[in-house]
Amino acid sequence: MKKNIIFTTILSFIATTLFGNRFPQPDFQSGYVFPEQYFFTPNEALWSYIDIFLLVALMGFVTWAVIKKQVRWPVILTSIISIAYFGFFRYGCICSVGSLQNVALALVSDTHSLPLFVLLLFVLPIVFALFFGRVFCAGVCPLGALQEIVNIKNYQLSKTVTGVLSVFPWIYLGFAVLFAITHSGFIICRYDPFVGIFRMGGQSSLIFFGVILLIFSVFTGRPFCRFICPYGAILSVFSRFSFYQVKITKKECNNCELCHNACPVDAIRPPYENKVKESRSEGVKRILRYAVFLPLMVVAGAVTMLMLSDRLSRMNEDVRLYHAVVEHQANPQPVQSLKLEAFFGQEVKTVDDLFAVSEIIKADFRRSSRIIGGFLGLVIGLTLIGLSTKRTRKIYDIDDANCICCGKCFSHCPQNLS
């Protein structure tokens with residue numbers, strides 16, 4: 001009996017602490033006054049400071065390892081810490097990858113405030129990329145770290161496949177910004193394939209997609225980072241011009257090809273020597289062709305996105321609700337969705353009001369889609385030009401835009417062992 005009382009008391013304490021008072025308190029007529037109750041609530045601001053401190057510390061640790069010491073083990077240790085803290089403890093949210101949507105919305109909206117914490121999450125990896133390369137991608141990002149830990153083999157994809165797939169992160173970035181600035185949702189967070197794994201729950205389809213990506217990561221390096229991640233695309237631009245860049249070896253390269261075979265993301269370019277020099281007239285013609293080709297790609301992208309803008313606007317909840325209301329009025333159904341019931345059950349907003357809001361959002365989509373489309377056309381055009389251009393190289397060197405600073409090449413270079 002005594003054990004039952006103790007057990008019941010413990011359960012009551014836990015239930016009250018976690019869930020609070022689930023029912024109204026009794027109203028005593030004797031004048032009894034309930035004592036004030038204090039519940040412990042976590043200080044989210046404190047955790048934000050810890051997040052930023054750990055973010056900077058880990059990026060600094062990776063920078064020291066790959067730039068100064070040219071060793072890989074700190075990257076592995078950083079990956080484990082990142083997965084444990086930013087992944088499973090902090091549930092992978094909010095992360096630097098998703099923060100770009102908050103920044104984009106804050107730039108165009110007067111009603112959306114951008115917390116300093118989110119701004120730092122977005123800016124700090126870019127600053128490090130500008131100075132030291134993509135050290136954030138090495139193992140500080142929990143999404144990349146999870147793929148890094150499971151990687152065993154490195155089957156390299158063909159240049160054509162890699163070139164085509166490398167455009168997708170920019171397309172993803174364009175759509176993410178478009179939907180963010182039109183108040184239509186944060187698709188990067190909504191369709192994150194690894195958050196469900198970190199939270200051990202969520203949409204089964206997204207968890208399945210995340211597992212598939214991890215299986216691919218076993219045999220080829222970082223498929224999400226290379227062919228999906230929009231934030232990685234932004235970092236690649238700054239990393240291309242970084243002040244301090246990763247070097248495979250401090251000694252002279254002997255073109256043994258071992259580093260090229262070891263790179264999981266195919267970011268080490270092989271030597272290529274032009275046997276036939278291009279004449280001046282041929283060079284001028286090629287530049288003129290590019291000068292005509294790029295504007296055409298920009299216009300084509302803008303026109304294509306403008307044609308799709310009305311369909312894309314249905315990602316917005318108000319536009320989608322308006323079309324559902326119109327469809328219901330044209331063809332009434334006995335069973336309505338919850339949103340339709342809520343709309344017809346309130347008396348504040350009419351169909352005309354909903355139509356006016358929908359038209360404003362559609363106009364916003366048409367305006368923004370042209371800009372995003374032109375940007376995507378420019379990216380695709382520059383990518384095609386880059387694939388058709390060959391530069392003279394006599395040794396293996398690192399493609400700083402695509403290098404994720406993982407350090408795998410260090411131990412494979414025989415010059416580092418001598």
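Q: How much of the protein chain counts as buried?
A: In this predicted model, 41% of the 418 residues count as buried.

Q: And how many helices and strands are there?
A: The protein chain has 21 helices and two strands.

Q: What share of the contacts with a separation of 6 or more comes from residues 24 or more positions apart?
A: Such residues account for 80% of those contacts.

Q: On to the core. Which residues touch the most other members of the largest one?
A: Phe194 and Tyr231 do. That nonpolar core has 76 residues.

Q: Which helix gives the largest share of this core?
A: Helix α5, residues 116-132, with eight residues.

Q: Which residues make the nonpolar surface patch of about 630 Å²?
A: Leu116, Leu119, Val123, Val127, Phe131, Phe243 and Tyr244.

Q: Where is Phe243 found?
A: Phe243 is in the loop between α14 (230-240) and α15 (258-262).

Q: Is Phe243 buried or exposed, and why?
A: Phe243 is exposed, because its relative accessible area is 54% and the cut-off for exposed is over 50%.

Note on methods. Residues are numbered from 1 along each chain as its sequence is written. This is a predicted model: local features need pLDDT of at least 70, side-chain atom pairs count only at pLDDT 80 or more; totals for chains, interfaces and linings use all residues. Side-chain values use heavy atoms; hydrogens and water are left out. Helices (H or I, at least four residues) and strands (E, at least two) are DSSP runs, numbered from the N terminus. Buried means under 20% relative accessible area, exposed over 50%, partly exposed in between (1.4 Å probe, protein chains only). Contact means heavy atoms within 4.5 Å. Patches are made of residues with over 30% relative accessible area and no salt bridge: like charges are joined within 9 Å, nonpolar side chains (Val, Leu, Ile, Met, Phe, Trp, Tyr) within 5 Å. Accessible areas come from the Shrake-Rupley method with a 1.4 Å probe; for residues, only the protein chains shown count as cover. A salt bridge is a side-chain nitrogen of Lys or Arg within 4 Å of a carboxyl oxygen of Asp or Glu. A nonpolar core is a set of buried Ala, Val, Leu, Ile, Met, Phe, Trp, Tyr and Cys residues joined through side-chain atoms within 4.5 Å.
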